[in-house]
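Hi,

Here is the structure I promised to pass on. Have a look, and my notes on what turned up follow below.

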There are 4 protein chains.
Amino acid sequence: MTETEVERARLRVPRVEDATDYSYDMAAERREFLRAQTGVELTHVGEYSFDPAILPGNIENFIGVAQVPIGIAGPLQINGEYAHGDFFVPLATTEGTLVASYNRGMRLLTECGGVKTTIVEQSMQRAPVFLCADATAAREFGRWVARHIDSIRAAAEATTRCGKLIDIGQYQVGPLRYLRFNYTMRDAAGQNMTGKATLAACEWILREYPGTVRYILSGGIDTDKKHSQINMLLTRGRRVVAEAVLRRELLREIMGVEPQDLFFARQVTLAGAFLAGAANNGAHAANGLAALFIATGQDAANIAESHAGITYSQLLDNGDYYWSITLPSLIVATCGGGTGLATQRQCLEMLDCWGTGKANKFAEICAATVLAGETSLASAVLHGDWVPSHERLGRNRPTGAGAL
Amino acid sequence: MTETEVERARLRVPRVEDATDYSYDMAAERREFLRAQTGVELTHVGEYSFDPAILPGNIENFIGVAQVPIGIAGPLQINGEYAHGDFFVPLATTEGTLVASYNRGMRLLTECGGVKTTIVEQSMQRAPVFLCADATAAREFGRWVARHIDSIRAAAEATTRCGKLIDIGQYQVGPLRYLRFNYTMRDAAGQNMTGKATLAACEWILREYPGTVRYILSGGIDTDKKHSQINMLLTRGRRVVAEAVLRRELLREIMGVEPQDLFFARQVTLAGAFLAGAANNGAHAANGLAALFIATGQDAANIAESHAGITYSQLLDNGDYYWSITLPSLIVATCGGGTGLATQRQCLEMLDCWGTGKANKFAEICAATVLAGETSLASAVLHGDWVPSHERLGRNRPTGAGAL
Amino acid sequence: MTETEVERARLRVPRVEDATDYSYDMAAERREFLRAQTGVELTHVGEYSFDPAILPGNIENFIGVAQVPIGIAGPLQINGEYAHGDFFVPLATTEGTLVASYNRGMRLLTECGGVKTTIVEQSMQRAPVFLCADATAAREFGRWVARHIDSIRAAAEATTRCGKLIDIGQYQVGPLRYLRFNYTMRDAAGQNMTGKATLAACEWILREYPGTVRYILSGGIDTDKKHSQINMLLTRGRRVVAEAVLRRELLREIMGVEPQDLFFARQVTLAGAFLAGAANNGAHAANGLAALFIATGQDAANIAESHAGITYSQLLDNGDYYWSITLPSLIVATCGGGTGLATQRQCLEMLDCWGTGKANKFAEICAATVLAGETSLASAVLHGDWVPSHERLGRNRPTGAGAL
Amino acid sequence: MTETEVERARLRVPRVEDATDYSYDMAAERREFLRAQTGVELTHVGEYSFDPAILPGNIENFIGVAQVPIGIAGPLQINGEYAHGDFFVPLATTEGTLVASYNRGMRLLTECGGVKTTIVEQSMQRAPVFLCADATAAREFGRWVARHIDSIRAAAEATTRCGKLIDIGQYQVGPLRYLRFNYTMRDAAGQNMTGKATLAACEWILREYPGTVRYILSGGIDTDKKHSQINMLLTRGRRVVAEAVLRRELLREIMGVEPQDLFFARQVTLAGAFLAGAANNGAHAANGLAALFIATGQDAANIAESHAGITYSQLLDNGDYYWSITLPSLIVATCGGGTGLATQRQCLEMLDCWGTGKANKFAEICAATVLAGETSLASAVLHGDWVPSHERLGRNRPTGAGAL
């Protein structure tokens with residue numbers, strides 16, 4: 001071995017090429033390797049309460065866990081189509097005041113009669129791009145695809161029991177024909193399913209199309225793990241609305257603000273969000289979603305897509321305040337991915353959202369939670385207790401959460 | 001008590017109003033409360049290896065932890081201004097293949113001589129909006145603010161030892177004058193600091209300004225926990241570039257692709273991202289960032305801002321491939337927030353990134369990690385092993401991570 | 001009469017309430033009125049070569065004309081599906097160098113064998129929004145609309161001989177259901193047709209829908225006279241591609257640049273356009289389009305939508321340069337609107353584009369013209385003759401257009 | 001000559017290489033050439049009332065004019081800082097109802113006491129990009145630029161009597177440093193001035209910078225003749241606000257709508273515009289601007305930038321309606337370009353806006369005109385007379401403009 005090869009070997013993370021790689025011992029061996037390399041003993045990381053044998057499919061080179069504190073907020077009354085009743089929402093976060101703030105919003109919403117939630121539509125995508133000889137060829141290719149949608153659907157759906165191909169959106173730039181395959185999914189997030197099904201569909205197209213085309217399985221418009229305007233418009237995951245009528249006297253009592261002041265401020269922030277080119281003209285959907293995602297084994301990278309939102313509100317004649325937030329690309333799962341791991345599953349179970357048939361319910365809980373956070377933060381900003389509460393609750397101050 | 005009041009009391013999460021709320025017992029009492037409400041025993045959630053007394057400032061209504069599996073990727077050679085040498089990167093995720101994919105990219109980059117990283121600029125914001133009588137008054141108000149920048153700075157900086165007010169961007173819509181306060185921050189993310197300092201500055205303005213104005217502490221252009229074009233342009237957190245020259249023979253050998261094919265595909269995805277209105281014209285920055293953020297106690301909600309990115313690449317005359325990604329709004333901390341918690345601190349320490357004076361280094365590691373993921377996924381998509389590797393590594397298949 | 005009423009009467013523009021308002025005399029009377037009010041003799045404005053009796057439907061309160069200079073550029077060889085052969089393109093502009101620059105690009109493209117043009121798709125919209133009781137009701141309303149598409153189509157199409165309702169895109173925010181009616185159009189721009197047809201469709205819906213809804217005929221997503229990402233994605237007017245292969249030696253000879261330098265610079269401007277959040281990542285489509293629109297009686301306000309564009313290019317192995325531009329929302333007409341007026345019609349006739357059956361041809365000419373301008377300006381910027389040529393040709397310098 | 005050369009010569013547009021190219025005869029010769037090529041007699045095009053000798057700097061290959069009908073709208077009372085009093089606004093358009101609609105809005109605004117206008121800021125850009133060895137070098141280059149701003153300013157300003165360099169915005173992507181030079185301009189639009197001045201500045205930088213850089217004079221973020229978010233935020237041309245309080249009884253009387261209904265609808269269209277990713281969340285700024293631009297010799301291509309807008313409104317306690325529109329990138333001139341041509345100058349003179357010292361006044365008139373159009377169209381959409389009025393006034397119907 002050359003010196004470089006020796007050095008490389010020295011830096012190679014220990015690993016075995018079979019299922020025994022997912023064992024206490026291998027995790028410990030890797031921690032020991034890291035200790036040797038970095039001098040750091042990963043004692044806490046090495047403390048976990050499950051058997052690593054459950055981990056294949058979730059992680060590689062396992063060394064232990066991040067222990068992320070979970071706080072509980074609620075009860076939150078939800079009057080949805082799938083979620084009914086009072087929910088206690090687990091939020092895994094390290095940002096002080098987050099749980100307290102969402103909790104306050106949940107109290108308001110619940111006392112106002114709860115949150116109405118609606119899943120407007122759902123679809124998960126994979127969007128290959130086909131490269132054609134020129135723009136005319138690309139257009140003709142697109143027409144051929146439209147004519148053969150049934151066969152393409154059959155090819156795609158042969159790979160999965162869960163997903164149905166809803167339709168294929170077509171978008172052309174020059175000689176490039178981007179096909180956005182939209183699938184229904186059940187209770188998994190669906191990205192892997194769509195990848196596999198679309199690969200099969202593309203291969204079928206490649207075989208059957210009489211002309212000459214090439215393709216790349218993702219042309220950038222999926223847009224996986226990325227916010228985009230196409231997601232805002234055309235949905236990715238679930239498009240979910242949470243809406244509530246905030247009663248004037250309760251807003252005053254719990255939040256210390258007047259509906260008309262909130263609504264006045266809404267005009268200002270709508271202008272600000274449009275000016276800034278923001279992905280969300282509400283307050284902080286990402287906060288509640290990230291915390292709920294981590295607690296329940298969602299793919300936290302989907303915060304990129306899921307945090308987008310559109311607020312629509314009206315001041316009612318009786319002085320109450322109608323408030324809605326629409327999450328156009330909320331991506332959640334109740335099976336597959338990290339949902340079956342130890343703590344994650346328990347948090348889902350606590351919401352009665354673990355396993356098949358539960359993703360719609362969970363999506364509604366997510367949206368309702370977001371709305372709670374919106375009402376709380378918007379009120380705090382207006383009422384002037386935003387910074388003080390962070391001073392009091394945030395940043396390792398030795399105090400109880402008296403404001404809850 | 002009325003029936004409703006009784007019911008409400010029954011649903012109230014147990015809590016005590018002092019520091020003893022952060023104790024094993026109170027966490028257990030809340031878990032027991034949840035068991036009573038939901039029937040779910042939060043056994044795994046209750047397993048954690050630290051004393052809850054460390055948690056004030058990080059969470060309220062603590063019940064336990066999410067145990068998120070960590071895999072280790074690397075070594076990744078970084079040639080930055082703050083990060084030098086070979087790093088092993090902890091990635092907390094439940095998405096199979098993620099660690100393997102980033103690991104593969106790190107191998108490529110390391111064998112190509114490493115990643116060069118540069119922090120181009122940094123600033124953290126709070127952006128109040130001042131409401132004036134009309135647009136003329138708002139413009140004059142803005143001029144007054146510009147003339148009194150020194151006093152405003154003094155008022156703001158009096159509240160903090162860490163932040164310096166760099167400048168105040170001014171943006172007007174109608175009679176609204178949005179002021180975007182840009183601060184340097186040190187090793188905390190800085191949102192709380194900017195809130196407190198800007199509140200003080202606004203109160204100073206309110207007292208001293210001879211005219212009549214009102215303000216709202218956030219007018220929507222900060223844009224906290226939200227992707228936005230203003231962040232793309234003007235930076236939020238740190239603007240960090242990771243760049244590398246991928247050598248042709250190593251791309252072939254490790255990734256099985258040709259540079260010119262990658263570059264060809266780049267043209268296609270640039271068109272796709274522009275068409276879709278995406279926040280990032282690269283592949284999947286959110287994946288690596290979310291995993292690294294969770295492992296190291298970052299605020300995962302900042303994935304909303306941090307996942308934005310701009311890829312710029314060129315095919316070199318010698319056939320090698322220059323690749324850069326610019327993260328315009330990467331928000332990280334090495335002290336404050338969740339960085340001091342048990343597992344989080346150990347993961348930061350493993351990177352020699354815990355505590356003061358380390359945030360720049362950690363930001364460089366984040367950007368380098370993102371670049372590794374970009375090269376790996378883009379190659380996989382092109383080479384056709386994207387779906388197959390997810391089939392092999394993802395979704396709970398009982399197999400070792402042979403592709404690492 | 002009160003004093004105010006007297007004053008108001010004094011300021012009232014002369015007008016008669018019948019067709020004789022469109023006469024030489026009434027135009028003169030209004031000019032005389034304006035002379036009395038402002039002291040300015042509108043002598044040139046009063047010089048026009050047509051009978052004002054042709055103007056009803058195009059203008060109100062007619063006083064005369066703007067005389068906008070037209071320059072001629074070409075020949076431009078187009079190899080389209082509707083436009084074949086060499087075209088001389090009339091450009092009405094007051095910006096020096098514009099004609100010269102487009103002319104130069106046309107020479108390059110023509111010598112390279114011409115421009116290939118493709119109309120990828122077409123549709124014109126009107127997008128009402130239906131206001132429902134809540135989000136669930138809005139979703140159900142949307143499903144009802146989808147089920148009754150045939151009846152809705154019948155109601156819409158009963159109002160027009162030209163337009164066919166392609167489909168109705170549905171987009172929901174809170175309790176609002178935005179319906180984007182997409183129509184084929186023939187040779188008029190189609191906005192009026194879509195307005196009338198959609199009004200009929202909405203009234204039908206209002207009558208027939210069993211639930212309670214209200215609607216606003218435009219909810220802001222049409223997006224008429226406004227650039228938008230929805231137009232980029234889903235087309236407004238015609239989506240047209242112009243593409244050409246620029247031969248290396250001709251680029252050198254005519255433009256003084258190398259293909260690889262242009263392509264290198266393309267990477268830079270793609271990054272810049274993405275960074276800036278631009279509506280077009282090419283150079284200056286608006287210039288050629290505005291000039292051609294004014295010459296030919298198009299609605300110049302549609303520059304807002306029509307100037308959007310996506311450039312896609314590749315450097316070929318033989319050193320030539322493939323260049324395409326896609327105009328996703330090009331709005332043109334060859335009948336209706338201003339196309340039948342005196343000079344406008346002649347300019348259209350000169351392109352053999354006046355009247356029915358010509359809009360596709362004209363759209364192809366527009367796109368080909370845009371591509372000519374792109375190649376010329378991009379080359380000029382690179383070659384360094386951009387500013388000098390503006391110095392020489394622009395801004396009232398007394399010199400011939402030697403650079404043509 | 002080869003056959004191709006003969007053919008090319010045959011198709012060459014007649015031209016002479018000196019000032020006599022701008023003559024009646026040469027224009028006629030070119031029209032005759034076009035007649036020979038196309039069979040079309042450009043009789044109307046050949047009718048114009050000025051001496052072509054005035055045209056150098058405005059057009060090349062002059063053949064005649066487009067005669068665009070002008071209608072007059074007004075009076076419009078403006079209470080601006082530069083525009084005071086009642087104005088009659090010339091609108092060159094071929095879109096029926098446009099003048100009538102703007103006229104109606106002007107009547108409303110005038111009866112409500114007029115429009116208040118404010119120019120909030122102004123700047124015109126040229127944005128070169130400097131290409132550096134890597135991102136670190138680019139950042140250091142940027143710092144050097146900042147340190148040498150005085151010398152760079154001197155180099156830039158030496159080329160112009162009109163423009164002052166305000167500042168240079170710096171934006172980095174990878175190794176690319178985009179510099180956005182912001183200049184004040186006087187009464188010309190300023191694009192040529194900024195090009196020349198920035199070229200001089202860049203050449204100075206190239207000479208003086210101790211490191212190695214290259215540059216391209218435009219890197220795509222100017223963003224000339226293109227809408228962009230950077231323009232929305234940072235202004236291009238003039239940022240102008242028009243605002244008015246619409247009195248309830250006048251809205252009822254003149255528009256037939258209630259303020260609260262307009263405001264209700266505003267919430268709906270704000271949601272729609274955000275959803276669609278629109279450049280303007282108002283109604284149709286492009287309509288009025290295009291018509292006014294053509295009448296007054298503005299560069300109509302700047303509709304691309306100028307049509308952007310942000311509406312901000314509030315319903316007042318007394319039932320009146322405060323309405324503002326902010327045009328962030330309004331580009332106008334009152335000297336240079338087409339402003340001195342025959343009809344164009346007369347139209348500017350009629351507004352007392354021709355020549356030096358008038359651009360601010362003209363910008364205010366533009367913004368006030370836009371607001372008039374907004375109030376009129378929004379009311380029409382709501383009141384239901386939008387389509388009917390287009391039926392009555394539009395599309396060559398033989399009827400007087402009775403609705404004015």
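This is a predicted model: local features need pLDDT of at least 70, side-chain atom pairs count only at pLDDT 80 or more; totals for chains, interfaces and linings use all residues.

Residues are numbered from 1 along each chain as its sequence is written, chains are lettered from A in the order in which they are written, and side-chain values use heavy atoms, leaving out hydrogens and water.

In that C–D interface, 141 residues of chain C are in contact (heavy atoms within 4.5 Å) with 141 residues of chain D. The rule finds four salt bridges across it, meaning a side-chain nitrogen of Lys or Arg within 4 Å of a carboxyl oxygen of Asp or Glu. C:K225 and D:E95 form a salt bridge at 3.2 Å, N to O. On the chain C side, strand β1 (residues 62-79; strands are DSSP runs of E, at least two residues) gives the most, with 13 residues touching chain D.

β1(C) also pairs with strand β1 (residues 62-79) of chain D, antiparallel over nine bridges; pairing takes at least two DSSP bridges. There, C:P69 stands opposite D:V65 in β1(D).

As for confidence, the model scores ipTM 0.95 and pTM 0.96. Chain A has a mean pLDDT (the predictor's confidence in each residue, from 0 to 100) of 94.

Cheers

How values were computed: Helices (H or I, at least four residues) and strands (E, at least two) are DSSP runs, numbered from the N terminus.
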